[in-house]
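Here are my notes for your read-through. Keep the viewer open and click along as you go.

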Amino acid sequence: MKSLENALKHRVGLGTAPLGNMFRDVPEEEAREVIQTAWDQGVRYFDTAPFYGAGLAEMRVGNVLSAYNRDDYVLSTKVGRYMEEEAEDKEGLFEHGRNNKVITDYSADATKRSIEQSLERLQTDRLDIVFVHDLSPDFHGDEWVGKFEEARIGAFRVLSQLREEGVIKGWGLGVNTTEPIENAMKLEENRPDINLSATQYTLLQHEHALERMMPMAEEQDVDIVIGSPYNSGALFGGDHFNYAPASSEIIGRVNQLKEIADKYDVHLKAAALQFSTAHPAVKSVIPGSTRPDRIKEDLEMIQKDIPKEFWDELINRGFVSASAPLPI
């Protein structure tokens, strides 16, 4: 997608899930500083979603980016959920977000409503990319297949029409598993041209995606954006892996990766970013943070030199698939 490529100075965009008060209450000034720092460092691709704090992340992105020329950045958000004024008790990832009631709905009317609300919160007159959000087993269990059909005749058709009319530049799925993306790419009509795959093509977890999703994307010339390249922080010793508590097995694997990285004087953040973006189908990686200094670090790390011997050892010890494209 040309507009996305033009916006990526370092192939790094900003994911804004943490700015929706994921896991904790993020002060307004801190959130603003993260977005402003990303802009000042040259980031021109910003991804957000209504789900992130019941619209909170979108509002924070809009408050900062509305000061700039809309032609100077690429903006993606998501459909599949819209807000109501009615309040509800919150729990889970975004229990510290806004208290607006969130409705999950992949129908055509709900998709249009979601987009209208997002435009208002983002203080913009257009979106570049729209992802159908969390249309996946991790959110809907066995019901995800029925939700997929709802989206196929609803959201997919609406977004395809908007793409054809030039209202948006592209659309796809934004999910934490690979099967929904694979299924969407198999459709004969209303197929995506860009997908956001979170947690699935990372240094810690990539073999399944490498077998099916990534080859399909290459064959169909479908772009991939990588979300959560650090698997919710587990790669750096965080408490969460793929948005759930990290298991002892994951923690042990991370410790082993850290030992190898230290041996070659490699920062795991550099390895993670460069691994995910080395695949030819990947156009961007969108780490998120609530710490401005980490945004600067991300942009530095993706340009760090990493010795070939480091990658060789990861392959030999089974941490990286031998068939994975590498940044060598």
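1. First, a word we need: a residue is buried under 20% relative accessible area, exposed over 50%, and partly exposed in between (1.4 Å probe, protein chains only). At 1% relative accessibility, F46 therefore counts as buried. Y73, at 5% relative accessibility, is buried as well.

2. Some housekeeping. This is a predicted model, where local features need pLDDT of at least 70 and side-chain atom pairs count only at pLDDT 80 or more, while totals for chains, interfaces and linings use all residues. Residues are numbered from 1 along each chain as its sequence is written, and side-chain values use heavy atoms, with hydrogens and water left out.

3. Now the rings. Rings of Phe, Tyr and Trp (its six-membered ring) pair if their centres lie within 6.5 Å; planes under 30 degrees apart are stacked, over 60 edge-to-face, and the rest tilted. The structure holds 15 aromatic pairs. Take F46 and Y73: their ring centres are 6.4 Å apart and their planes sit at 90 degrees, so this pair is edge-to-face. F46 is in strand β2 (residues 45-47) and Y73 in the loop between α3 (56-65) and β3 (74-79), so the pair ties together parts 27 residues apart in sequence. Helices (H or I, at least four residues) and strands (E, at least two) are DSSP runs, numbered from the N terminus.

4. How are the rings of Y201 and F275 arranged? Their centres are 5.2 Å apart and their planes at 20 degrees, so they are stacked. Y201 is in the loop between β8 and α9 (207-211), F275 is in helix α12, and the two are 74 residues apart. Both are buried. They also belong to one aromatic cluster with Y264, F310 and W311.

5. Look for charges over rings too (NZ of Lys or CZ of Arg within 6 Å of the ring centre and within 35 degrees of the ring normal). R44 lies over the face of W39, 3.6 Å from the ring centre. R81 has its charged end over the ring of F139, 5.1 Å from the centre.

6. Next, helix α13 (residues 292-301). Its buried residues are P292, I295, D298, L299 and M301. What do they pack against? The partners are β1 (14-15), α2 (28-40) and α12 (268-278).

7. Last stop: N190, in the loop between α8 (179-186) and β8 (194-198). Beyond its neighbours within four places in sequence, N190 is in contact (heavy atoms within 4.5 Å) with F156, R157, S160 and W171.
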